[in-house]
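Morning, everyone. Please bring up the model on your screens.

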Amino acid sequence: MKQYKLGILGATGAVGREMMKILAERKFPISELHLFASKRSAGKVIEWQGKPVQIEEACETAFEGLDIVLGAAEADIAKEMAPHIVKAGAVFVDNSSAFRLERDVPLIVPEINPEDAKNHHGILSNPNCSTIITVTAVNALNAISPIRSMTASTYQAVSGAGAGGPLELAEEVEALRTGRPVEPKVFTHQIAYNLIPQIGGEQFEGYTSEEMKMQNEGRKIMHLPDLRVSCTCVRVPVVRSHSISVSLHFDRPISVKEARAAIAKAPGCRLVDDLAKHEYPMPLDTSDQDIVFVGRIRPDLTDDNGLCLWCCGDQVRKGAATNTVQIAELLIEK
């Protein structure tokens, strides 16, 4: 099997480290692994598969000789480094929001639109975490009857805000337990025992940037240019794994039985849907794995052509690192 020279941009962050773990788990054929980060991290050593790998500074000339670079850095860094990655002859699979809506950059969820990966020009993009989890859950239904619109509410774990999110939640819980004041730094408000109904800045008609991703990215991934989505994104005091409540509206009715059968067979999904037995997707059950759990499938009582469902998935893995690695696997298959 051919071996590839692979780099990770932003390797010291939570997603970058998860990518390293997943590359090893999935036995990605790597002859050389290069880890890139900021100048202050350069020279540090990270162990990967029992061997030390030294962090390199991400700069214009850093990517020469590489075949694939996985992006786990912020959008501004991705935009700065992408031209140099492509010029070096590598393919850039980026996890940030930098290129997701660019016309000539494929936006890929491998279980849904793997064929789009063929049309890249050196850059491919990984969707937003909540978008990935949601479209993986609903795509099998879209194949039965096109989705006309969706109403979604996300319940997003603190780890979605980076490594500091879980730490801040734990510190606040301890502060409240011992009677000390809470001083939020990562989040705009106290997250312990609270919900924060804003993720991202205002973008359109009172919707945040995070909320608009569900519509704009969903349209591109599922090839539904007229899809309409109303989304409310909420940060919740859960450490890991995002949950999404979705109401779907179709061109024709889909029965609950039909929907369950389709989701049970859908790639990347697991049907967990038995209300009588208290079986439904939950963050604790879906953390640290790559399957999207789907349940609470029921008729939408406001629309004869509608269904409601609930889904959960690990936003660090399937919502970010694993999906990026899966895109890279499409490249080497091709």
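Where is the place of Phe36? Phe36 sits in strand β2, residues 30-37. Helices here are DSSP runs of H or I with at least four residues, strands are runs of E with at least two, and both are numbered from the N terminus.

Some ground rules. This is a predicted model: local features need pLDDT of at least 70, side-chain atom pairs count only at pLDDT 80 or more, and totals for chains, interfaces and linings use all residues. Residues are numbered from 1 along each chain as its sequence is written, and side-chain values use heavy atoms, leaving out hydrogens and water.

Back to Phe36. Is Phe36 buried or exposed? Phe36 is buried, with a relative accessible area of 0%. Buried means under 20% relative accessible area, exposed means over 50%, and partly exposed lies in between, with a 1.4 Å probe and protein chains only. Leaving aside residues up to four places away in sequence, Phe36 touches several residues, including Ile8, Leu9, Phe63 and Leu66. Touching, or contact, means heavy atoms within 4.5 Å.

Next, the sheet. Two strands pair if DSSP finds at least two bridges between them.

Strands β8 (residues 147-156) and β12 (residues 242-250) run antiparallel, joined by 8 bridges. Ser153 stands opposite Ser245 in β12.

Now the helix pairs. Two packed helices are described by the angle between their axes and the distance between the axes. Axes are lines fitted to C-alpha atoms, for helices over the stretch in contact, and angles run from 0 to 180 degrees between N-to-C directions.

Helix α3 (residues 129-144) packs with helix α6 (residues 256-265) at about 120 degrees, with axes 9 Å apart. That makes α3 oblique to α6. Under 35 degrees is roughly parallel, over 145 roughly antiparallel, 65 to 115 roughly perpendicular, and the rest oblique. Ala137, Ala140, Leu141 and Ile144 of α3 meet Glu258, Ala259, Ala262 and Ile263 of α6.

What about α3 and helix α5 (residues 209-221)? Their axes come within 9 Å and cross at roughly 55 degrees. So α3 and α5 are oblique to each other.
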